[in-house]
Amino acid sequence: MVATTIDRMRAITRRDFRLQMSYPFELLSSLWGVAISVFMFYFIGRLVGDTDLLSGLEGGYFAFAVIGVTVMGLSFSILDVFRSSIQREQANGTLELLLASPTSLRALLSGSLVVPMGFAGIQAVAYAIFGWILAPEALGPSAWLRAVPVLLLIMGAFAAMGLWSAAFVVFAQRGDPVSGMFVQATNLLAGAVFPIAVLPDWLQTLSHLVPTFYGFEALRGLMLAGASWASLLDEIAILAAFDIVLAAIGIWLLRRALRFARVMGTLGTS
């Protein structure tokens, strides 16, 4: 049974890879975009200069922003992949056939995750390399490796919200508001590209309701402030708790949405 599930995941991955490679310039254009955004933040960092808001963080605003855009690029891919996979299968009229076959929902979602995450990983590595070149003291390989567990937890929060997004698409047969709202909340309230200290007090309070806030706090503490793991256990524990709760709710919502669509006969339509 395990081998069969893995074979189905591989088949879905091969299909997605062939589709992705039919647009060879997409990766090149995305890497060009990475280079442009890195240099843009580099010069913004020179414009901002040293600021008390980033005191204690090595690399200044440039390192702060590169970490944010790297994580957001990688995490948005995992947020979007479940929704886009469900929508593609609906549009092709194959979702109902896939789910009626021995292909499990887990195999479908897991197989659909491999190619987008692979290409997002290439972009993340490109961000890290450019950051290393321009801020070697703050963004060296050892700093990124040290922060991998926190990065995985941040991606877990986005994956959980991706399940919510996919459930909404199946249920409402429309584009979902979930992914956009979560990304916007992260950009504004979690400190993705600017410190939340610039926000008014009431928005800073709301920031603590966004799971990725705790991820960015821990990530930059480890990479830029030289913080120890012990000093960041609270942030890491809160983020992990968010991941577990959001993922459990997301799985439940998606299963309920699929069951509802089967009853209503809308599973194979988009």
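Which backbone oxygen lies 3.0 Å from a polar atom of the side chain of S55? It is the backbone oxygen of D52. This pair is a polar contact, that is, a pair of N or O atoms within 3.5 Å; within protein, one must be able to donate a hydrogen and the other to accept it, and residues adjacent in sequence count only if both atoms are side-chain atoms.

Good morning. Before I continue, two remarks on the source. This is a predicted model, in which local features need pLDDT of at least 70 and side-chain atom pairs count only at pLDDT 80 or more, while totals for chains, interfaces and linings use all residues. Residues are numbered from 1 along each chain as its sequence is written, and side-chain values use heavy atoms, with hydrogens and water left out.

Let me begin with the chain as a whole. It holds eleven helices and zero strands. Helices (H or I, at least four residues) and strands (E, at least two) are DSSP runs, numbered from the N terminus. Along the sequence, the pattern is therefore α-α-α-α-α-α-α-α-α-α-α. Of the 270 residues, 45% are buried. Buried means under 20% relative accessible area, exposed over 50%, and partly exposed in between, with a 1.4 Å probe and protein chains only. The accessible surface comes to about 13500 Å², and 69% of that surface belongs to carbon and sulfur atoms. These areas come from the Shrake-Rupley method with a 1.4 Å probe; for residues, only the protein chains shown count as cover.

Among contacts between residues at least 6 apart in sequence, 78% join residues at least 24 apart.

The largest nonpolar core has 73 residues, and I67, L139, F158, L219 and M223 touch the most other members. A nonpolar core is a set of buried Ala, Val, Leu, Ile, Met, Phe, Trp, Tyr and Cys residues joined through side-chain atoms within 4.5 Å. The elements that give two or more residues to this core include α2 (25-48), α3 (60-92), α7 (148-172) and α11 (233-264). The most comes from α3, with 16 residues. In soluble globular proteins, nonpolar side chains tend to be buried together. As for L139, its contacts beyond four places in sequence include F62, I67, W132, W144 and M223.

Next, consider helix α8, which covers residues 178-189. What distance separates its end C-alpha atoms? They are 16 Å apart, which agrees with the 16 Å that twelve residues should span at 1.5 Å a residue. The expected span is 1.5 Å times one less than the number of residues. The buried residues of α8 are V178, S179, F182, V183, T186 and L189. Because these residues cover an arc of only 165° around the axis, they lie on the same side of α8. The arc is that of the directions from the helix axis to the C-beta atoms. The face turned away from the buried side carries the exposed residues M181 and Q184. After α8 comes G191, with a positive phi near 80°.

One of the buried residues of α8, L189, brings us to S207, in helix α9 (residues 201-207). Is S207 buried or exposed? At 0% relative accessibility, S207 counts as buried. A polar atom of its side chain lies 2.6 Å from the backbone oxygen of L189. Leaving out residues up to four places away in sequence, S207 touches L189, I196, L199 and F213.

G49, whose phi is positive, near 70°, follows α2.

The loop between α2 and α3 returns us to S55. At 56% relative accessibility, S55 is exposed, and its C-alpha atom is 9.2 Å from that of A225, 170 residues apart along the chain. G59 lies in that loop between α2 and α3 too, and is partly exposed, with a relative accessible area of 37%.

Finally, L153 lies in α7 and is partly exposed at 23%. L153 touches I236, L239, A240 and D243, not counting residues up to four places away. The C-alpha atoms of L153 and L239 are 6.9 Å apart, although 86 residues separate the two along the chain.

Key:
Contact means heavy atoms within 4.5 Å.
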